[in-house]
Amino acid sequence: MALSRAPFQPRRRRLLVGLGAAWAGTLLPQAAARASPAPDVLAPDAAAWRALSRVGYGPDTRSAQQVRDLASARDWALQQVDLAYATSQQAPQLPPGLTGFNAPLPSLFEGARREREAIRQSDAEAMAPSRGFLNDLGPRQFNRTMLQQSAAWRLYSASRPDVENPLLARLTEFWFNHLNVFAYKGPVRPFVGHYAVHVARAHALGRFEDLLLASARHPAMLFYLDQFQSVAEGSPGRDGRTRGLNENYARELMELHTLGVGGGYTQDDVRALARILTGWTVSPRDADGFQFLPRRHDSGPKRLLGQDFPRDRLAAGEREGEDAIRLLARHPATARRIAVRLAQYFVADDPSPALVQQLASTFLASQGDLREVMRTLLQSPDFWAPANRLFKTPMDFALSGLIALQDGDGDTAQAPLDRRRMVMTLAFLNDAGQPLHSWQTPDGYRFDAATWMVPEALTRRADFALALARESPEPRFLQTYLSADTRARIAQAPPALRSGLMLASPDFMYK
Amino acid sequence: MQHPKHHPRFGDRRRLLAGLAGLAGAWAAPTAFAQADRSRVDAQTGRMVLVLLRGACDGLSALVPYADPDYYARRPTIAIPAPDGTAQTALRLDAQFGLHPAMAALLPLWQQGVLAFIPAAGSPDPTRSHFDAQYHFESGIPGRSSGNSGWMNRLAGLSRQEADASLSTVRALAVGEANPAILSGDAAVQRVPRGQAAIRSGALASDRARAAVLDLYAGDDALSRSFRAGAQSRMQTAETLRSAMAAPTNAMATETQAADNGAGPARGLLLDARHLATLMQAEPALRLGFLSAGGWDTHANQGHTRGLLANNLGSLAATLVQLRQDFSRPDDVIIVASEFGRTSAENGTGGTDHGHGNAMWLIGSRVRGGRWHGQWDGLASGNLHEGRDLPVRNDYRAVLAQALRATQGVSASGLDTLFPGFAWDRSLDALFRA
């Protein structure tokens, strides 16, 4: 809403529309300033760039060719929905040395327990911090090793469109971020990668309520938002004291995961939902890492969003929580919130109300079928509108660089994990303000240009690009997507810098 | 401080930053500064540093209402014991309040009369959403959750002088977050990353690489101008911070040692605070500083005199002592705030949930410290917000307004630009010395 008191403060909406207009018309920011009216369709190369950079993280030679072989970039984009779904139903392809983090949950619990044990029993001298990335450092460094493996897998899968479907990698990031967990809260660390695989990836194109329930039952989320210790008021605790409710998860489940802050719930609803969920906790021994403790459950009647819980005697206990989560997942406010977030991630910082409405309708009509929602999104004219430019986040930028360069390395299927590049990438993400698995609060990262187009931070992208591409052959296939001006300037630069300059160019900053 | 040699390509800082400001200006409505306030910051006024504790710091553990029996009744396992002179109890401030023992480093500031608290401050908006409440705090407009610039950015805009060159002057600096909402808006601001990343100039340190990259950003479009300004300020930032570290007399040398006293997420704050101080020292035009720290959302096992929260408070205290050392000119002021407070009672898991009112802290030579200001009614049920939380007795905007008027010379109409529709709170008129 504009402020009548301060007419000289532009509304964010107007500001972003202004930016969009300034960027519109072409893929090339330098030309944008000069270009007059924006064309209403993307040129074929620009459409291919958009599909490859938004549906995935960016082109390699193989995917660039795939798009060229089809009638349109739109066909390629739509194909990815079914391909990504099919891949999500299979276990991820993990390179050797990167399998530990995806072990069954009981063994992750056991590893974490052994680490505590080892640390308790060891003297301070033996506690010297260990170095290296992805080295197995023994039981004392279990959590650290699991977290490094998780990070390596995230980078690996998202930068290898030949190994992991690119849309699936995109949506794994999106849903992880929507249902964010912070690696360094409490005992979360060893479970982060498992959460990414078995919650975000596994349900990325399934039904939203299944995704939400998987998240609700996963140890990473149970630990992160303290649900694992929320119990009925007056439950017995240590030293003769009593234990009780913790509102943390119940609140964020409604505020962030589903309804949104304006979604019509009250503090009473937060309490009611927290009571409904009492008894939901972790289980170190069960395969799914979850258990419901009936004796810690508040069995009294509750009222959530105007509905009584439990619905009837048969639906009491654990079932109450399931019913509540499904109720929230199917709520119109949830449909709207998911629609806005997806549209911001894939289409525009300030998506049109019509697109949001369309996505929300699909969501409701299909009972949260995320494949249907993605199809609607990719078929919408908004996705392909030249004016809807998106600026890469640091994560987008880093992954697109990795993809472009790996391609130059020859036979990608055989290429080993490049630890040097992974370490550089993780360091860049830290410096750029988007460290992997390390956003502390449950709202997740923002994706808009207003957050990431920051003067000094832009130069760090160039810095990273030059360092990453040092000694790499030029990714010539990218030429197609660069402006004539950028190509000419790079051609005049010292040859050793040219690979890096392609990635550092203004053209490469947009997706 | 000597300025680093400019690469010829950069031209001078002023011109480049003018380019950046131009970029910002292009976004603004045409009436942008037609109504700009007449009150301005001149070179003699103080600097303001705001430390935002994201996640809702438990103010009732930091500033302990030890004389209130309800405090102990509501917090059977996490309350900080009343002062008895020993280490594991609150440190007595006056007959009502004590300080968390992990914050003992702040006690001298209280005794010197430069540290004050407003115990029940906050927003009139009752939201218990971190993200909305932070946005309300940063925009200066409670109740509106999107679409506004940050009040510190508007303040930087107000502070511009009328001479055209002043548009180029960057007055606000944030160290840490990529792009905090409090600094978003039309005025050009500087943002420097957290930690050691701030001192690295990376591949751009090579003249050849820098020239080649800048050649790609030679255009007059928004991205290119922003990039060039960023390259300039980043080289300068790195150079300033490196020379400060090299100087043996600089307080920077103590930072490693001091950082080891802390733990937890607030720990990196000390390094960021040192970077902020060094950069603001080197560039006198920088008058406004912003820092933030997370890790305060203590829903479970927050501890009492020891533990999670105690560690964070200890790190924060060490940072504030350092900030006071670096910002001790007569009109400098340091303000600490959090988006809301936590429940007055502990929850079922040894922690506290989202509440309402919270303490705000002010440090500065003009602050009438060694006492608290505003209203405090205790934690009896009848006095609580919705029967559970510390109420808001003093609007955060009124507290900020007092500080802005006293140390930044912001006029009434300027304050209304920063905090539209807020009410001046006369009960806080004694907060600053004349």
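**Domain arrangement and its setting**

Guide: Taken over C-alpha atoms, the centres of domain 1 and domain 2 of chain A are 32 Å apart. The model is a predicted one, in which local features need pLDDT of at least 70 and side-chain atom pairs count only at pLDDT 80 or more, while totals for chains, interfaces and linings use all residues. Residues are numbered from 1 along each chain as its sequence is written, with chains lettered from A and ligands numbered from 1 in the order in which they are written.

In chain A, domain 1 comprises 12-88 + 390-509 and domain 2 comprises 100-122 + 131-329; such bounds come from an automatic or database domain assignment. Across the boundary, 35 residues of domain 1 are in contact with 37 residues of domain 2 of chain A, where contact requires C-beta atoms, placed from the backbone, to lie within 7 Å. On the domain 1 side, the elements giving two or more residues are helix 4 (61-69), helix 5 (73-88), helix 19 (394-408) and helix 20 (419-431) of chain A. Helices (H or I, at least four residues) and strands (E, at least two) are DSSP runs numbered from the N terminus. Helix 5 of chain A supplies the largest share of this side, with seven residues. By type, the residues of the domain 1 side divide into 19 nonpolar, 12 polar and four charged. Here Ala, Val, Leu, Ile, Met, Phe, Trp, Tyr, Cys and Pro count as nonpolar, Asp, Glu, Lys and Arg as charged, and the others, Gly among them, as polar.

A:Asn177 belongs to helix 8 (residues 166-178) of chain A. Beyond its neighbours within four places in sequence, A:Asn177 is in contact with A:Gly444 and A:Tyr445. The C-alpha atoms of A:Asn177 and A:Arg341 are 11 Å apart, although 164 residues separate the two along the chain. A:Asn177 is classed as partly exposed because 18 other C-beta atoms lie within 10 Å; the limits are 20 or more for buried, 12 or fewer for exposed, and partly exposed in between, with C-beta atoms placed from the backbone.

Chain A as a whole has 24 helices and six strands. Of its 511 residues, 54% are buried. Among contacts in chain A with a separation of 6 or more, 71% join residues 24 or more positions apart.

Most residues other than glycine have a negative phi, and most peptide bonds are trans. A:Phe309 and A:Pro310, however, are joined by a cis peptide bond with omega about -10°, and A:Pro310 sits in the loop between strand 6 (307-309) and helix 14 (318-329) of chain A. A:Gln367 has a positive phi, near 55°, in the loop between helix 16 (353-365) and helix 17 (370-379) of chain A.

As for confidence, the predictor assigns the complex an ipTM of 0.86 and a pTM of 0.86. Chain B has a mean pLDDT (the predictor's confidence in each residue, from 0 to 100) of 85, and 82% of its residues reach 70 or more. Over residues 1-43 of chain B, pLDDT is below 50, yet the model gives this stretch 80 contacts beyond near neighbours in sequence. Where pLDDT is low, the predicted coordinates should not be read in detail.

Conventions
Two residues are in contact if their C-beta atoms, placed from the backbone, lie within 7 Å.
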